[in-house]
Amino acid sequence: MSTGVMARPRGAHATASGSRRRQGRDRGRVLRLYVPLGLYLLFTVVPFYWMLVFALRPSGSTTPVPWPITFEHFTTVWNDIGYAMFFRNSVIVGVWSLLATTVLAVMGGYALSRFRFRGRSLFMVVLLCTQFIPGAMLLIPLFSIFKSLGLINSLGSLILADTVFNLPLSIILMSGFITAVPYSVEEAAMVDGCTRLRAFLAVVLPQLRPGLIAVGSFAFIHTWNNFLFALMFVSRQDSFTIPVGLSYTIGEYSADFGALAAGGVVAAVPVVCVFAVIQRYLVHGISAGAVKG
Amino acid sequence: MATLRRRAVPYLLISPTVVLIAAFLVYPIGSVAYYSLQNRNLTRPWADGFAGLDNFRRMLFEDELFWQSLAFTAKWVVTEIGLQLLLGLVLALIVNESFIGRGLARSLVFSPWAVSGVLTTGIWILLYTPQTGVLRFLGQPETAVLGNLDTVFPAVVVAELWRGVPFFAILLLAGLQGIPGELYEAAAVDGAGRIRRFRHVTLPHLRDAIVLATLLRSVWEFNNVDLLYTLTGGGPAQVTTTLPLYVAQRAVDSKDFGYGSALTMAGFVILLFFSILYLRLSRFGEER
């Protein structure tokens with residue numbers, strides 16, 4: 001009874017001031033959402049923009065807008081400093097490491113997701129523990145190993161080392177993706193006479209596309225960006241990868257900002273493109289796999 | 001026979017990974033432990049041999065740079081993780097709202113995540129160099145922020161934030177998307193305002209994601225060498241040298257592997273100790 005009486009004036013009040021309140025809410029939304037987002041976007045984008053400006057305007061120009069546009073810095077870094085070679089090396093290392101990581105991650109992830117075997121939890125613990133192993137601090141023993149394997153100055157050392165450091169997280173992520181594919185579908189295929197491998201290839205693999213994309217690009221970006229291994233295991237300039245080449249540019253061409261910026265653009269373009277494609281898989285993949293553990 | 005084969009399947013599947021991890025992660029750690037008790041310097045091979053605890057004695061009692069780098073490592077990790085968590089959380093909450101252009105905004109603010117430490121260095125050198133940088137426009141002409149003892153720390157912190165915040169935001173956004181919408185509705189029906197909904201619904205649900213993100217990132221920032229190695233080289237006057245950077249410099253520049261291994265062991269022990277302590281204190285994964 002009394003609540004009914006109370007409710008009516010309150011409701012009437014609300015409709016009377018509805019538009020004013022909505023206006024206030026809009027202003028609140030701008031302050032809460034767009035202002036901080038805009039500020040953060042500036043913080044993110046201005047550094048990229050600054051690099052582009054330096055890469056595209058002629059040396060000596062100080063305009064904040066790169067006009068007239070010149071590509072002289074790109075020809076300098078690509079042909080004279082050797083970015084064509086660095087780029088090729090980085091692509092070789094990145095693609096091989098991507099392939100090896102993805103194949104091994106599918107195998108390991110499948111074992112973790114579909115089988116309950118002895119040593120499974122130990123394997124999980126080892127994978128998680130590896131996340132605490134600093135690559136920078138294993139430089140010394142890894143150098144010795146690669147030296148005895150005759151892999152110093154070869155891209156093989158980088159492919160191996162990067163794959164090993166990519167693998168643990170990739171397996172954990174991949175097992176999350178595989179678990180999300182219902183086992184019953186696979187079982188049905190096996191009942192129909194498929195081998196496990198055929199069933200996997202025909203039924204599971206097509207549904208794993210987001211997982212393959214997420215894990216593969218994660219491995220590629222990580223490998224493309226790795227600096228210390230390449231710095232330590234490769235000292236011949238014709239085996240430099242992009243990050244080493246870039247650090248060399250920073251050191252040797254410190255006055256030539258155009259070259260530095262153009263080298264930076266060359267280094268950034270592949271990963272930023274890959275990233276733009278995978279960004280939504282990434283968030284989804286983490287909520288599907290890693291956080292759940 | 002068939003059952004035996006079926007039992008072998010998971011082991012066959014993980015065997016390449018096990019071999020790789022054993023050969024390139026476990027064995028190296030063992031050999032670091034071994035080298036740390038040896039004199040081993042690639043530039044002075046004639047002096048190699050058993051050293052006992054000499055390397056550790058030298059580290060603890062004679063090497064001021066070890067203690068200095070340790071102190072800087074702590075300052076670096078705590079500052080970076082605190083700020084990255086704060087900004088990452090705010091950013092994740094913002095891009096979790098629905099608004100026009102959200103997809104593009106997400107791609108843009110997350111993109112520095114994909115950029116390497118060396119590239120971050122390249123970009124921020126352009127921004128920080130007095131003749132070329134953006135600080136000119138902020139009324140700070142002709143100061144070399146990276147060469148100045150007072151400004152070098154905030155300068156490297158900002159550069160690393162630029163690259164580090166997106167990872168936090170990505171992990172926390174994934175956590176936010178796992179919170180059922182009904183909980184917010186129920187809280188709103190109960191009359192909870194925005195701040196109370198954040199405190200009583202969002203934060204408890206993000207707990208594990210926050211603990212995981214801070215731990216992973218702390219380890220990562222601890223180990224992160226690329227940026228400092230290329231941006232400041234640990235300088236000026238070694239004030240931005242972290243322990244792993246110190247080890248890497250030892251390994252790359254002076255090839256003193258015995259002493260470098262002793263430093264590495266110290267790094268392992270510290271990392272292990274704080275990781276376990278952190279997981280215990282935060283009661284990660286416990287039912288509440």
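In this predicted model, chain A has 13 helices and zero strands. Chain A holds 293 residues, and buried residues make up 50% of them. Contacts in chain A with a separation of 6 or more were also examined. Residues 24 or more positions apart account for 71% of these contacts. The accessible surface of chain A comes to about 13,800 Å². Carbon and sulfur atoms hold 66% of that surface.

Two cavities of 30 Å³ or more were found. The largest cavity contains about 60 Å³ of space. Its lining consists of A:Ser90, A:Val93, A:Gly94, A:Leu158, A:Asp162, A:Thr223, A:Trp224, A:Asn226, A:Phe229, A:Ala230 and A:Thr241. Four helices of chain A each supply at least two of the lining residues: H4 (83–114), H7 (155–179), H10 (209–225) and H11 (228–233). The largest share, three residues, comes from H4(A).

A buried position of chain B was examined next. B:Thr17 is found in helix H1 of chain B, which spans residues 2–35. Its relative accessibility is 0%. B:Thr17 therefore counts as buried, since the limit is under 20% relative accessible area. Neighbours within four places in sequence were set aside. Beyond them, B:Thr17 is in contact with A:Leu104, A:Phe123, A:Leu167 and A:Ile171.

On the surface, residues from chains A and B form a nonpolar patch. Chain A contributes A:Val45, A:Tyr49, A:Val65, A:Trp67, A:Ile69 and A:Phe71. Chain B contributes B:Leu104 and B:Leu108. Together these residues have about 810 Å² of accessible area. Helix H2 (18–56) of chain A supplies at least two residues of the patch, and so does helix H4 (102–110) of chain B. B:Leu104 lies in this helix H4 of chain B. The relative accessible area of B:Leu104 is 59%. B:Leu104 is therefore exposed, the limit being over 50%.

Salt bridges were then counted. A:Asp238 has a relative accessibility of 36%, and A:Arg236 has a relative accessible area of 45%.

In chain B, B:Arg57 forms a salt bridge with B:Asp54. Their closest N and O atoms are 3.5 Å apart. Both residues lie in helix H2 of chain B, residues 54–62. They are three residues apart, about one turn of the helix. B:Arg57 is partly exposed at 40% relative accessibility. B:Asp54 is also partly exposed, at 38%. B:Asp54 and B:Arg57 are linked with B:Glu62 in a network of salt bridges.

Another salt bridge in chain B pairs the side chains of B:Asp256 and B:Arg58, at 3.6 Å from N to O. B:Asp256 lies in the loop between H10 and helix H11 (257–282) of chain B, and B:Arg58 lies in helix H2 of chain B, so the pair ties together parts that are 198 residues apart in sequence. The two partners differ in cover. B:Asp256 is buried, with a relative accessible area of 9%, whereas B:Arg58 is partly exposed at 30% relative accessibility.

B:Ala237 has a positive phi of about 55°, although it is not a glycine. B:Ala237 lies in the loop between helix H9 (226–231) and helix H10 (243–254) of chain B. With a relative accessible area of 61%, B:Ala237 is exposed. B:Gln238 also has a positive phi, of about 60°, and is not a glycine. B:Gln238 is placed in the loop between H9 and H10 of chain B. At 34% relative accessibility, B:Gln238 counts as partly exposed.

Conventions
Residues numbered from 1 in each chain as written. Chains lettered and ligands numbered in written order. Predicted model: local features only at pLDDT ≥ 70, side-chain atom pairs only at ≥ 80, totals over all residues. Heavy atoms only, no water. Patch = residues over 30% accessible without salt bridge, like charges linked within 9 Å, V, L, I, M, F, W, Y side chains within 5 Å. Areas by Shrake-Rupley, 256 points an atom, 1.4 Å probe, with all protein chains shown as cover. Salt bridge = Lys/Arg side-chain N within 4 Å of Asp/Glu carboxyl O. Buried < 20%, exposed > 50% of the residue type's maximum accessible area, 1.4 Å probe, protein only. Contact = heavy atoms within 4.5 Å. 1 Å grid on protein atoms, 1.4 Å probe; cavity = no way out; pocket = protein on both sides within 12 Å on 5 of 7 lines; lining within 4 Å. Points joined across faces, edges and corners; volume = space filled by probe spheres on them.
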